[in-house]
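Student: I have not looked at this structure before, and I would like to learn how to read its features one at a time. Could you take me through some of them?

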Amino acid sequence: MHCCRGIQIMPVDVQKVRNSASFPTQVDVVVIGAGIVGTCTAYELSRQGVSVALLEKGIVGGEQSSRNWGWVRQQNRDLHELALAMYSLRRWEELGTEIGRDLGFRRSGILYCSKNEADVARWEKWGQAARVQGFHSQILTASEANERASGGTSSWVGGVWSPSDGRAEPSLAVPAVAEAAKEKGVSLHQNCAVRGLDITNGRVTGVWTERGIVKASTVVCAGGAWASRFSHRYGIELPVANIAGTAIKTTPAPEIVQAGCLSASNFVLRRRIDGSYTIAVPGHGTLDITPRGMRYAFKFYEMYRSKIGKKLKYRLNSSFWNGPDAFGSWENDEISPFEKSRILDPAPDAELVKLAVKNLESEYPTLKGIGVERAWGGLIDTSPDLVPVISRVEELPGYVIAAGFSGHGFAIGPGAGRLVSEIVLNKEPLTDISPYRLSRFGDGSAIRRPEMM
């Protein structure tokens, strides 16, 4: 437990999942990382009769998959990501019934409000392009925005409303899918780090773990913040910046807005099923100065110049030498960096904790005195264009990467899981996979400046 200027800071609370009884020596596919993407990948593969080992250095959902806001949205996605987001919303709705467990998913709508007419114009332009793909949101006039966000002190100039978007409970969702995956035959093992790949004649033939070798013809790396460091060991360049975010769980409080989630310029919130809120200050985070970060700095030039990059703070700390973005080598029979850091639990930013509460109370005076039950930090694996990498690695047959989700992984995890399973099985993908290819960062393609988070 951390102490943050008088505020009690505790790690996130995640439903526990038991390991499978026996450890495998051979499967069809090994999935590294039991966050939302890895767990959904394992589940989708197992539904198709594929034998899968799901290996996690810490616990199921222990890192960013339980530390995100819990938003499940299509609205204001990068247009390259929209089809995947739309499918994921449908899959979220199906999954709870399919697996017989509550994921905390509620299709209760997401509302954006702004005092800046340029924001509304940007949302309207985006909405016109999104309609081509079959997604419809509603641009709100000033009076409509103020009515839907009634009870606040701001005078909004407009907004955008997506009634089909939703929310889910991170602490419930990933463990629930993991339990369902086990019932389908997935062999799940926590506190079992994958140290490296087993490679024979230039192709992947399995993984080396702290418990021994597991043979497999395909390995999926869904390691989140650690994926770049793991991949670099094999000469694979995966440009990712790990940005530390901060989020807060309040004490229970009255419902204040006609939406499950609200985004304003200086705070965001999600109504939780226990009557509390998850809140944060949008777009703000901290980027550690690290060797890998310096290596990829040029690829992030457009992101750093964007509105997103201008909200970041920078710091130099111990992660330079021992974090996910550090350099260093190890052998498959040696303790790896992944065993030395079972669960990334960065301290939350005390200033952001206080600012989020202050901004929320300023907008909704009825919440004055709302308490902070817990606050936490998390590392968001962020790609240069904020679009994930979901891709085969052509120079290493049998290796597939699903990483760089840029804070979107929880919402689009179910769709990403299906897409990865289709890549693994050489099936027709549910959407065009070219925007997600790893090679876009090394083949001379221009890296776009991200405009949508």
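Predicted model: local features only at pLDDT ≥ 70, side-chain atom pairs only at ≥ 80, totals over all residues.

Student: Let me begin with helix packing: at what angle do H1 and H5 pack, and how far apart are their axes?

Tutor: The general idea is to look at the angle and at the distance between the axes together. Here helix H1, residues 36-47, and helix H5, residues 170-183, pack at about 25 degrees with their axes 9 Å apart. Since angles under 35 degrees count as roughly parallel, H1 is therefore roughly parallel to H5. The crossing in which H1 passes H5 is left-handed.

Student: Which residues of H1 and H5 meet?

Tutor: From H1 come Ile36, Thr39, Cys40, Tyr43 and Ser46, and they meet Val174, Val177, Ala178, Ala180 and Ala181 of H5. Sorted by class, the residues of this contact between H1 and H5 are eight nonpolar and two polar, with no charged ones.

Student: How do H1 and H2 pack?

Tutor: The axes of H1 and H2 are 14 Å apart, and the angle between the two helices is about 60 degrees, which means that H1 is oblique to H2. The crossing of H1 and H2 is left-handed. On the side of H1 the contact involves Ile36, Tyr43, Glu44 and Arg47, while H2 brings Arg91, Trp92, Leu95, Glu98 and Ile99. By class, the contact of H1 with H2 has five nonpolar and four charged residues, and no polar ones.

Student: And at what angle do the axes of H1 and H12 cross?

Tutor: The axes of H1 and helix H12, residues 409-424, cross at roughly 45 degrees and come within 7 Å, which makes H1 oblique to H12. The crossing of H1 and H12 is right-handed. Residues of H1 including Ile36, Cys40 and Glu44 take part in the contact, and among the residues that H12 brings are Phe410, Pro414 and Val420. The contact of H1 with H12 divides into nine nonpolar, five polar and two charged residues.

Student: Let me turn to aromatic residues: how many aromatic pairs does the structure hold?

Tutor: There are 13 aromatic pairs in the structure. To read one of them, we look at the distance between the ring centres and at the angle between the ring planes. The rings of Trp71 and Tyr112 have centres 6.2 Å apart and planes at 85 degrees, so this pair is edge-to-face. Trp71 lies in strand S5, residues 71-72, and Tyr112 in strand S6, residues 110-114, so the pair ties together parts that are 41 residues apart in sequence.

Student: Are Trp71 and Tyr112 buried or exposed?

Tutor: Trp71 is buried, at a relative accessible area of 8%, and Tyr112 is buried as well, at 11%. Elsewhere, Trp226, Phe230, Tyr234, Trp330 and Phe338 form one aromatic cluster.

Student: What should I look for in the backbone angle phi?

Tutor: The general idea is that most residues other than glycine have a negative phi. In this structure Asn76, although not a glycine, has a positive phi of about 60 degrees, and Asn201, also not a glycine, has a positive phi of about 50 degrees.

Student: Where do Asn76 and Asn201 lie?

Tutor: Asn76 is in the loop between S5 and helix H2, residues 79-99, and it is buried, with a relative accessible area of 4%. Asn201 is in the loop between strand S11, residues 194-200, and strand S12, residues 203-209, and Asn201 is exposed, with a relative accessible area of 81%.

How values were computed:
Residues numbered from 1 in each chain as written. Heavy atoms only, no water. Axes fitted to C-alpha atoms, helices over the stretch in contact; angles between N-to-C directions. Helix = DSSP H or I, 4+ residues; strand = E, 2+ residues; numbered from the N terminus. Parallel < 35°, antiparallel > 145°, perpendicular 65-115°, else oblique. Left-handed = near helix turned anticlockwise from the far one by under 90°. Contact = heavy atoms within 4.5 Å. Nonpolar A, V, L, I, M, F, W, Y, C, P; charged D, E, K, R; others polar. Phe/Tyr/Trp six-rings, centres within 6.5 Å; stacked < 30°, edge-to-face > 60°. Buried < 20%, exposed > 50% of the residue type's maximum accessible area, 1.4 Å probe, protein only.
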